[in-house]
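Hi,

Here is the structure I promised to pass on.

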Amino acid sequence: MTEQRPARPDSSQHDLDPHLHRYAARTTGMTASEIRALFAVASRPEVVSLAGGMPNLAALPLDSLSTEIGNLIANEGLTALQYGSAQGVVALREQICEVMGLEGVSAHPDDVVVTVGSQMALDMVTRLFCDPGDVVLAEGPSYVGALGSFAAYQAQVVHVAMDDDGLQPEALRAAIESCRKSGQRIKFLYTIPNFHNPAGVTLSIERRAEIVEICRSAGILIIEDNPYGMLGFDGQVYPALRTLDPENVIYLGSFSKTFAAGLRVGWALAPHAVREKLVLAAESATLCPPTFNQLVVSRYLATHDWQGNIKQFCRNYAERRDAMLRALEQYLPEGCSWTRPAGGFFVWLTVPEGVDTKAMLPRAVTARVAYASGTGFYADDFGSRQMRLSYCYPTPERITEGVRRLAGVLESELELYETFGPTARREISGPQSPSPDTA
Ligand code: PMP
């Protein structure tokens, strides 16, 4: 007997969601990431996607990994496929301490909580600390996944300006003062000090102590999100903020960019008291992180030249970064400016007045290039003259071609603006579409 598949609900049914009255109030903050919505279109082979943040895994030693994973099942299968501790596998937590040691962090495995990617750690710290209306200070722009977690718990994001040296201490002081004056309760500063997503900048060594001191004296916790710290192209590893004030910093790390994002293994290193609460939060979310995946990471760290592999990742990324910077220099119209990342995945581009990057995106996709428009990286709709360009995934040749196409689209937007002024696009543009990717 052949079973009939139920018909897929059409979008008009979807719009009239019959469950609407049932959702919890907090779900009003949950909206699809702008970045995800055009993913399907941007993934078509003819489109050069500078939108995504997918790590480039080409340098992973798949043959030896598959042998290692086979051995894991053969020798430790009954443990690897079983539930484990809510805090994570002890051996892996010890290895995580060694990894963080490279950034000067001295930590005890008892204070590490393994999570399902650092995204889960972000969700948990927000759940632990934020009541609706509480303020989270975050760089402007900031990581879209973190903004999603803050919105899901109805926290209010106050952005703090950055420049080429990262978060500006003066802007941080001003933001704290202004929140305090208006009676708002600040819960923490969320910061990505190294090779920022999406801005591509790194917090200078000089500023690190100052930022930590401002937060310490204002009684504001710091969430240091550091998935890209090991991906510096000049081999420079920056000291973690955590080294400067271990009791006031929760450090989030991840193997997504240094090994394999698909395994979903990250961690939080928290002051001892907070660690207890994190474990309870983790337990209620997932019971325990996946034992198998943790053991794969642990075996990989123990048996492979993982630091050598990261160097190879960095060579691949640096080659792509160079291709992107060269192409931007060569093709982009006057009036554009962009950051010059020393590591990580992203360039942050500012375009001249008259271009709205969100409105332009469908036209860019028609011209077979995609990017992530800037507004997705702000909680307050700022960013319409910015976009994130990622160079991590496409080949250098595709990157060059993508930037060439993008330049063409920008040129025609600017031409229209110069000819017809600010109303030009309002008259001819169709519905605005959001932009692609997740990471
Ligand atoms: N933080 C930042 C700044 C990121 O860019 C990402 C992913 N792109 C994450 C956290 C989450 O990474 P994961 O959950 O894969 O560890």
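Let's start with R207: this residue is buried, at a relative accessible area of 14% (buried means under 20%, exposed over 50% and partly exposed in between, with a 1.4 Å probe and protein chains only). Before going further, a caveat: this is a predicted model, where local features need pLDDT of at least 70, side-chain atom pairs count only at pLDDT 80 or more, and totals for chains, interfaces and linings use all residues. Residues are numbered from 1 along each chain as its sequence is written, and side-chain values use heavy atoms, with hydrogens and water left out.

Back to R207, which sits in helix α9 (residues 205-218). Helices (H or I, at least four residues) and strands (E, at least two) are DSSP runs numbered from the N terminus. Leaving aside residues up to four places away in sequence, R207 touches D163, D165, G166, L167, Q168 and P169, where contact means heavy atoms within 4.5 Å.

D163 stands opposite G166 in β5, and a hairpin of 2 residues links β4 to β5. Strands β4 and β5 (residues 166-167) are antiparallel, with 2 bridges between them; two strands pair if DSSP finds at least two bridges between them. On to β3 (residues 135-140): this strand runs parallel to β4 (residues 156-163), joined by 6 bridges, and V135 faces Q156 in β4. To get from β3 to β4 the chain goes through helix α7 (residues 144-152), in a right-handed β-α-β crossover. Right-handed here means that, with the strands pointing away from the viewer, the path from the first strand over the helix to the second runs clockwise.

What is the strand order of the open sheet of 8 strands? It reads β2-β9-β8-β7-β6-β3-β4-β5, and the pairing is mixed. The edges are β2 (112-115) and β5, each with a single partner strand, so one side of each has no neighbour in the sheet. For β2 that partner pairing is antiparallel, with 4 bridges to β9 (residues 266-269). V113 has A268 as its bridge partner in β9, and V114 has W267. From β2, V112 and V114 point one way while V113 and T115 point the other, and all of them are buried.

There is also an open sheet of 4 strands, antiparallel, in the order β10-β11-β14-β13. Its edges are β10 (337-338) and β13 (372-373), which have a single partner strand each, so one side of each is left without a neighbour in the sheet. β10 pairs with β11 (residues 346-350) over 2 bridges in the antiparallel sense, with W338 opposite L349 in β11.

Next, the domains. The chain splits into domain 1 (11-59 + 309-438) and domain 2 (83-303), with bounds that come from an automatic or database domain assignment. Taken over C-alpha atoms, the two domain centres are 25 Å apart, and the contact takes 32 residues from domain 1 and 30 residues from domain 2. About 2,500 Å² is buried between domain 1 and domain 2, with carbon and sulfur atoms giving 67% of that area. Buried area is the accessible area (1.4 Å probe) that two parts lose on being put together, summed over both.

Then the packing. Which residues touch the most other members of the largest nonpolar core? They are F255, F259 and L389, in a core of 76 residues. A nonpolar core is a set of buried Ala, Val, Leu, Ile, Met, Phe, Trp, Tyr and Cys residues joined through side-chain atoms within 4.5 Å. Helix α13 (residues 306-331) supplies the largest share of this core, 11 residues, and at least three residues come from each of domain 1 and domain 2. Not counting residues up to four places away in sequence, F259 touches L57, L60, L65, V296, V297, Y300 and F313. Apart from this core lies another, of 35 residues, including L147, Y190, A282 and W348.

G101 and L263 are 162 residues apart along the chain, and their C-alpha atoms are separated by 22 Å.

Cheers
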